[in-house]
Amino acid sequence: MAKKISVKQRNESLKKLNGWKKTRGKDSIEKDFIFKDFQSAFSWMTKIAFVAEKMDHHPEWFNVYNKVHVTLTTHDAGGITQLDIDLANTMNKTSKYWLFRSHPYCAIKSNALTIKHFIFTNMSS
């Protein structure tokens, strides 16, 4: 189980995490991401879903059109852990790719959704 980080560690980490802030009244961090359009926002969320699954650490998030509100905390630890900091850092890095782009990830073909391409391999980690 991940260990909750100290307030000092959290504050130092937040200084390095552009746009992230401590959630008011909760031991969590949050950020709003705004993308060009829904497709870009959802594509980014899909990328993060794969990363989160691999980490076995899943975000709380809410999506409306091009906006994604993310809250990170580690429930098992009762607060913020290094997992949250690492996932926030990954979210920041990957979001830069989709912020101002709209990508044709999927195409409708013969009434079936087919993946045209997943260009995640072009992403820097």
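## The sheet

Two strands count as paired if DSSP finds at least two bridges between them.

Now for the pairings. Six bridges join β2 to β4, and I29 has L72 as its bridge partner in β4. Five bridges join β3 to β4 (residues 67–72), again antiparallel. Here E60 is partnered with T71, and F62 with H69. The hairpin of β3 and β4 has two residues between the strands, and Y65 takes a positive phi near 50° there.

## The whole chain

Stepping back, the protein chain has three helices and six strands; these are DSSP runs numbered from the N terminus, helices being H or I with at least four residues and strands E with at least two. Along the sequence the pattern reads α-β-β-α-β-β-α-β-β. Among contacts between residues at least 6 apart in sequence, 62% join residues at least 24 apart.

Of the 125 residues, 40% are buried. Buried means under 20% relative accessible area, exposed over 50%, and partly exposed in between (1.4 Å probe, protein chains only). The accessible surface of the chain comes to about 7900 Å², and carbon and sulfur atoms own 54% of that. Areas are from the Shrake-Rupley method with a 1.4 Å probe; for residues, only the protein chains shown count as cover.

## A nonpolar patch

Which residues form a nonpolar patch on the surface? They are F38, F42, F62, V64 and Y65, with about 550 Å² of accessible area together. To qualify, residues need over 30% relative accessible area and no salt bridge; nonpolar side chains (Val, Leu, Ile, Met, Phe, Trp, Tyr) are joined within 5 Å, like charges within 9 Å. The elements giving two or more residues to the patch are α2 (38–55) and β3 (60–64).

F62, in strand β3, is exposed, with a relative accessible area of 55%.

## Salt bridges

A salt bridge here is a side-chain nitrogen of Lys or Arg within 4 Å of a carboxyl oxygen of Asp or Glu, and the count comes to four. One of them joins the side chains of D27 and K4 (2.9 Å, N to O). D27 sits in the loop between β1 and β2 and K4 in the segment before α1 (7–16), so the pair ties together parts 23 residues apart in sequence. D27 is partly exposed at 25% relative accessibility, and K4 is partly exposed at 41%.

K15 and E12 meet in another (3.2 Å, N to O). Both lie in helix α1, three residues apart, about one turn of the helix. K15 is exposed at 65%, while E12 is partly exposed at 37%. E30 also bridges to K21, with the closest N and O atoms 3.7 Å apart; E30 is buried at 14%, whereas K21 is partly exposed at 48%.

## Reading the numbers

Residues are numbered from 1 along each chain as its sequence is written, and side-chain values use heavy atoms, leaving out hydrogens and water. Since the model is predicted, local features need pLDDT of at least 70 and side-chain atom pairs count only at pLDDT 80 or more, while totals for chains, interfaces and linings use all residues.

Notes:
Contact = heavy atoms within 4.5 Å.
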